[in-house]
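Dear colleague,

Please find the structure below, together with its sequence. My notes on what was found in it follow directly after.

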Amino acid sequence: MSAPLSVAFMPLVDAAPLVVAHEMGFAREEGLALELVRAPSWSSVRDMLAFGRIEAAHMLSPVPVAMALGIGGVASPISALMVLSVNGTVIGVNARLEALLRAGGHGFGFDDAGAAGAALVRAARGAPLRIGVPFPFSMHAELLYYWLSASGMPAPQTVEIHTVPPPLMADAIAAGEIDAFCVGEPWGSKVVETGAGALLLPGRAIWSAAPEKVLAVRSGWAADEPELTARLMRAVWRACRWLGEGGARTTAAEMLARPAYLNLSPEIIDRALTGRLTVTPHGDSRECRGFVAFHHGAANYPWRSQAAWIAARMAARLGLERAAATERARAVFRTDLYRQHLRDVGAVLPGASDRLEGGIAAGTAAPSQTGRLILRENLFFDGRIFDLGEAI
Amino acid sequence: MPEKLSIIVVEQDRERALMIVDSLMEAGDNDIQVISEVSSLARRISERNPDIVLVDITNPSRDMIEELTLATAPLDRPVAMFVDQSEDSLTKAAIEAGVSAYVVDDLRPERIRPIVTAAIARYNMFRRMRDELAETRRALEERKVIDRAKGLLMKARGISEDEAYGLLRKAAMDQGRKISEVAQSLVLAADLLS
């Protein structure tokens with residue numbers, strides 16, 4: 001008899017770990033019958049989780065942090081059991097800005113955040129940009145604020161931020177409600193497909209190790225149901241490994257394309273999975289290595305320093321006390337449960353719960369308890385380093 | 001007599017909006033407005049400075065209201081999902097019914113409760129209607145597929161309609177599947193072979 005578990009997701013490429021865990025039988029192997037619930041909005045995912053309609057959720061990494069800090073509509077103790085995906089978002093502009101950027105000599109290289117930021121600030125000519133993000137508490141918003149502020153456009157103060165659900169981003173650009181956006185794939189590619197805009201940067205060009213989505217559960221549930229928690233984590237971790245191996249990308253794209261999940265053509269989903277994106281309506285194509293990561297370099301490990309980075313950014317913006325905020329946020333990313341529940345499946349277990357964020361070149365070896373830990377690139381585009389020791 | 005509450009209902013469907021407003025009128029003498037245009041929803045709402053915002057949980061534009069939970073100016077009134085710890089069941093009922101209520105910070109729960117309760121009842125009715133409609137549609141679809149499968153069997157094996165149905169039922173029982181599923185497989189196979 002399998003244990004039924006309801007898990008909510010938003011229709012995005014990075015819901016893949018949950019879809020694969022279900023479709024490829026990783027959940028069934030663990031005796032779990034997943035009921036995947038496609039949610040209409042991020043707030044509904046959060047509320048369904050907080051009020052017990054579902055057991056687990058595909059969630060924006062800053063949401064559990066915001067909830068721990070008491071910011072936003074609902075405050076409820078939520079745990080991030082593991083990171084589902086690192087990076088995987090895109091920043092894009094409407095056709096008018098695209099033309100201005102081109103006129104200013106920008107080549108849409110899709111790799112250099114410093115150059116793209118400077119070019120965008122010039123193209124905006126001092127008028128406040130209206131920028132769409134999927135949710136006020138999202139890595140999209142954090143990366144945008146970080147990048148624009150460092151590029152000489154203090155954000156969010158000097159821009160207009162609009163919340164637009166991912167599937168509606170293309171409509172908002174086409175209707176002229178926003179000038180630019182940051183969104184998870186495949187919804188940026190959808191904007192390009194409709195001819196309403198072009199892609200300027202992948203999120204990873206701003207921070208190459210940004211935790212994008214997490215597997216979230218109620219903290220009380222994780223404590224009351226350690227066995228189910230472990231089974232869920234193992235199933236999802238194996239799905240992430242399967243995705244990370246990359247050999248079955250076509251299968252993954254076709255699964256995600258089904259009506260119950262994204263209900264789009266597999267081709268547009270495949271772009272994010274291969275890292276080969278079409279960035280303009282004219283068909284310009286760009287290769288982005290590591291566009292989205294599901295597995296390698298201990299991508300699933302919920303580094304507490306990442307929660308601290310998110311909290312430090314929010315605290316600075318909203319005037320909260322920084323040390324207390326980072327401490328509360330760190331407790332939400334459950335390295336303890338990761339160690340406890342994924343020790344036996346062969347997951348690489350880092351020796352520490354925190355690390356420096358930024359300043360790590362690709363292929364850096366780091367101490368680990370089990371397995372061989374080779375960290376992926378972890379760089380901020382402006383070369384800054386976030387050191388928790390200094391932050392506190 | 002307490003001051004009137006200002007309530008905003010976000011609803012694109014006119015019929016539904018009218019029904020919600022009717023039921024809220026019965027819950028008390030309040031100032032109720034409907035917003036049916038979802039672009040720039042957050043701005044539209046903050047301009048009217050309401051005490052309570054009611055919105056369908058399945059409305060994707062609901063995320064726009066989350067912006068209002070962040071008071072960015074000193075005079076802003078932050079709103080929050082209606083979560084009264086002592087009334088957890090009411091919030092659960094609201095989620096189940098598919099309505100989310102956002103209320104300003106300083107509003108007393110006893111003032112909110114009748115409004116949220118009235119909204120829950122109305123949204124529950126909408127949900128039942130929607131479920132029934134979906135169920136009817138599904139039944140109709142199944143009926144059509146079974147009829148096609150029966151037709152295929154009658155033609156291929158020269159049997160009567162009752163015999164064709166009997167065959168489908170037997171195949172379904174033998175395989176532990178639903179008759180409509182067996183019929184669907186047959187229709188699909190026939191399409192591939194033709």
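In strand E8 of chain A, A:Phe181 is the bridge partner of A:Gly132. The model is a predicted one, in which local features need pLDDT of at least 70 and side-chain atom pairs count only at pLDDT 80 or more, while totals for chains, interfaces and linings use all residues. Residues are numbered from 1 along each chain as its sequence is written, chains are lettered from A and ligands numbered from 1 in the order in which they are written, and side-chain values use heavy atoms, with hydrogens and water left out.

Strands and helices here are DSSP runs numbered from the N terminus, with at least two residues (E) for a strand and at least four (H or I) for a helix. Two strands are said to pair if DSSP finds at least two bridges between them.

The sheet around E8 of chain A

Strand E8 of chain A belongs to an open sheet of five strands, ordered E7-E6-E8-E5-E9, with mixed pairing. Strand E7 (160-163) and strand E9 (197-202) of chain A are at the edges with a single partner strand each, so one side of each has no neighbour in the sheet. From one strand to the next, the twist averages 25°.

On one side, strand E6 (residues 130-133) of chain A pairs with E8(A) in the parallel sense over two bridges, and A:Ile131 stands opposite A:Ala180. Strand E5 (residues 89-94) of chain A runs antiparallel to E8(A) and is joined to it by five bridges; here A:Gly92 stands opposite A:Phe181.

How many of the residues of strand E8 (residues 180-184) of chain A are buried? Five of its five residues are, where buried means under 20% relative accessible area, exposed over 50% and partly exposed in between (1.4 Å probe, protein chains only). In a regular strand the side chains alternate between the two faces of the sheet. In E8(A), A:Ala180, A:Cys182 and A:Gly184 point one way, A:Phe181 and A:Val183 point the other way, and all are buried.

Helix H7 (residues 139-150) of chain A lies across E5, E6, E7, E8 and E9 of chain A and runs at about 145° to E6(A). Such angles run from 0 to 180 degrees between N-to-C directions, with axes fitted to C-alpha atoms, for helices over the stretch in contact.

The six-stranded sheet of chain A

Another open sheet in chain A has six strands in the order E2-E1-E3-E10-E4-E13, again with mixed pairing. Its edges are strand E2 (32-38) and strand E13 (292-293) of chain A, each with a single partner strand, so one side of each is left without a neighbour in the sheet. Strand E1 (residues 3-9) of chain A runs parallel to E2(A), and seven bridges join the two. In this pairing A:Val7 stands opposite A:Leu36. Helix H3 (residues 42-50) of chain A packs on the sheet, touching E1, E2, strand E3 (56-60), strand E4 (78-87) and strand E10 (211-218), and its direction makes about 140° with that of E3(A). Contact means heavy atoms within 4.5 Å.

A:Asn300

A:Asn300 is in the loop between E13 and helix H14 (304-318) of chain A. A:Asn300 is buried, with a relative accessible area of 1%. A polar atom of its side chain lies 3.0 Å from the backbone oxygen of A:Phe294. Beyond its neighbours within four places in sequence, the contacts of A:Asn300 include A:Met82, A:Trp237, A:Cys240 and A:Tyr338.

Chain B

Chain B has seven helices and five strands, which run β-α-β-α-β-α-β-α-β-α-α-α from the N terminus on. Of its 194 residues, 41% are buried.

Where is B:Asp56 placed? B:Asp56 is in strand E3 (residues 52-56) of chain B and, at 11% relative accessibility, counts as buried. An unreviewed UniProt entry annotates B:Asp56 as "modified residue: 4-aspartylphosphate"; UniProt annotations may be inferred rather than shown by experiment, and their positions are given in the numbering used here, with feature names shortened. The side chains of B:Asp56 and B:Arg16 make a polar contact (2.9 Å), that is, a pair of N or O atoms within 3.5 Å, where within protein one must be able to donate a hydrogen and the other to accept it, and residues adjacent in sequence count only if both atoms are side-chain atoms.

Over residues 126-187 the chain is 90% helix and 0% strand, and the end C-alpha atoms are 35 Å apart.

With kind regards
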